[in-house]
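This report describes a predicted model of a complex. It begins with the interface and then turns to the individual chains.

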Amino acid sequence: MADIDITSKDIDGMGPHGTKVGLLRVLGPAHIWALGVGIVLVGEYMGWNFAVGKGGAYAALIACWVAGILYTCVAMIDSEVTSTVAAAGGQYTQAKHIVGPLMAFNVGLYLVFAYTMLEAANAITAGYLISVVASMTGYSGELDQRPFIILVIMFLAWLNYRGVLATLTFNLVITAIAFCAIIVLFLSTSGILGGGIMQHAALFEGHELPYGWIGVLAAMHFGLWYYLGIEGTTQAAEEVRSPARALPFGTLAGVMTLAIAATLTWYLCSGVLPWEYLGDGVNGSVAPLFDTARLSGSTGLLWFLGFGTLFATLASANGCINDASRAWFAMGRDKYLPGWFGAVHPRFRTPYRSIIFLVPIALIFALGAPLDQVITFSILSGLLEYTFMPLNIIMFRKKWPMGTIKRGYEHPFHPVPAIVLLAICATVFFAVFLGYGTQLVAMIGFYIVVSLWFHFWRYRFVNRGTQFTMPWPKPAGY
Amino acid sequence: MAHYEAPKQSKASQLIDVLVLVALTVGALFVPLILNMAGAAKTVASPEENPTWESLGQNAVQAAQYEKLGFTPETAHDLILARFDYSFTFGALLVMIAVIVLYYWLMLRFSEVEYREVIAEKFGK
């Protein structure tokens, strides 16, 4: 099989695998921003507040900023590797070229499960929001949320099936509206425009650190939720017009956007909602920004934040379908999974079989598991992936030292970001252990079992040398 | 290294592979749930017999916000007093660390063996 430059602007994606049609290169930096921020922004609208429940409001703020450092390291590392390994599958494809097939298989599964669980969590939230709208508009019964959960997942899967440009342009519009809603809420309630309703000092009185410093560590678990999924920008690598420019720009701009949105969200919600209510995402505040708008007394803000919450959940679910299907597709294309999944739609140029296959999987989780469990499953998959990243960049720099291959972006201060990332991941593992140790062990047990299945069974169907598709020289040390 | 020619997989075998993977995934999420081992439930250590905002540790501003949200001291009782238990044993912590380290060690070791095959076939010895 011939070596073809996958970063070429003259060919579509999938060229190196010998297929007749590939994914379309139609996306720009704004789409990358919309994919990354679109997936994550829902984390400000729901889910992050479990961190408040774990350790109090101050603990959630510390978790927000420490997680911000973690994701800055992730974005720096990812931008360098992805702008060089510009292919669908993102970190899966990176691992395949840098670490080895079994790690790549695991990373591919982390990606699929992190995004599919996040998609399920979004659908659950969308169903909840529609039930709130129903009660606000006079419906007195208990609304069955399940049809709406199914509808959300089916509609977005259909959109993804039809084409990536429309999918991510839709994401760009609704993500921008959802982000603007946070800014407008901040301007309207913080005292900048009109009277403020923030009461941080009185609300924190007597509850500054309700669990002490161990609560701060525990809060790190859900601190990831502020940013979880920003690394998904890499999944579009094979569909952007200029990977070397669009990916670093879109990803780093996305992290900055999220750091601002996360801090504003914490400030708004903790200044209005008592911490016990804010921190209980099941029996208390399911959608904290929406609850904050509710207490502002403004009907306009209430509706704006209601739409903001709905748009954020839709944007996230939409981006998750996009990313999970690309990871699944990339693994199918390499035969890490049945090759049937590695097909591209002849007309819409999307990985349509992977998109369709993951719909019932998302529905199983959305309809069958509680929200915090689904979020935890997603976070754990993300955490395992972030722990892989420092190992990945250290091996990347060692096997292809600077100057031996062309990098689209070179991140500064190596290996400091890798070491910081590893240290924060260790802290988050401890935080997960404090509350969800059983799930952590169950999940790692799952990955060990599927790894053995891959190594001793599945890998026989994978061609050895041809899976290495990058036009690089032989790695140092081999 | 000799060129490795992967066998062609039948449709039935592909289907079985997918079913195995899905079953394992669903199991990893639902088995802890079914066995009631999932998550850390909050508990109320010292319930209040006749709760008031003061006895629940709420100042006037905090109480006012709860009332705006539609709560009374009775309905907010569990929400306010429930706490997580963060106690743990060092033995359990060591087991978790060992599981994580073992997992990554296995991944890197098996991957390295496979990676050497890939590089040998791609670039030659």
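## Interface between chains A and B

In this predicted model, 56 residues of chain B are in contact with 68 residues of chain A; two residues are in contact if their C-beta atoms, placed from the backbone, lie within 7 Å. On the side of chain B that touches chain A, at least two residues each come from helix H1 (11–34), helix H2 (60–68), helix H3 (73–81) and helix H4 (90–123) of chain B. H4(B) supplies the largest share, 21 residues. Helices (H or I, at least four residues) and strands (E, at least two) are DSSP runs, numbered from the N terminus.

By residue class, this side of chain B comprises 39 nonpolar, nine polar and eight charged residues. Ala, Val, Leu, Ile, Met, Phe, Trp, Tyr, Cys and Pro count as nonpolar, Asp, Glu, Lys and Arg as charged, and the others, Gly among them, as polar.

## Architecture of chain B

Chain B contains four helices and zero strands, in the sequence pattern α-α-α-α. Its radius of gyration is 27 Å, well over the 14 Å that the globule rule gives for 125 residues, so chain B is more spread out than a compact globule. The radius is taken over C-alpha atoms, and the rule is 2.2 Å times the number of residues to the power 0.38. The C-alpha trace of chain B spans about 80 × 40 × 30 Å along its principal axes.

Domain 1 (41–87) and domain 2 (88–125) are given by the domain assignment of chain B, which is automatic or taken from a database. Their C-alpha centres lie 47 Å apart. Of the 125 residues in chain B, 16% are buried (20 or more other C-beta atoms within 10 Å of a residue's own, C-beta atoms being placed from the backbone).

## Ala60 of chain A

Ala60(A) lies in helix H4 (residues 57–82) of chain A and is buried, with 31 other C-beta atoms within 10 Å. Leaving aside neighbours within four places in sequence, Ala60(A) is in contact with Ala51(A), Val52(A), Gly55(A), Ala219(A) and Trp266(A).

## Confidence and conventions

The mean pLDDT (the predictor's confidence in each residue, from 0 to 100) of chain A is 91, and 96% of its residues reach 70 or more. Over residues 1–18 of chain A the pLDDT is below 50, and this stretch has 34 contacts in the model beyond near neighbours in sequence.

Residues are numbered from 1 along each chain as its sequence is written, while chains are lettered from A and ligands numbered from 1 in the order in which they are written. As the model is predicted, local features need pLDDT of at least 70 and side-chain atom pairs count only at pLDDT 80 or more, whereas totals for chains, interfaces and linings use all residues.

Technical notes
A residue is buried if 20 or more other C-beta atoms lie within 10 Å of its own, exposed if 12 or fewer, and partly exposed in between; C-beta atoms are placed from the backbone.
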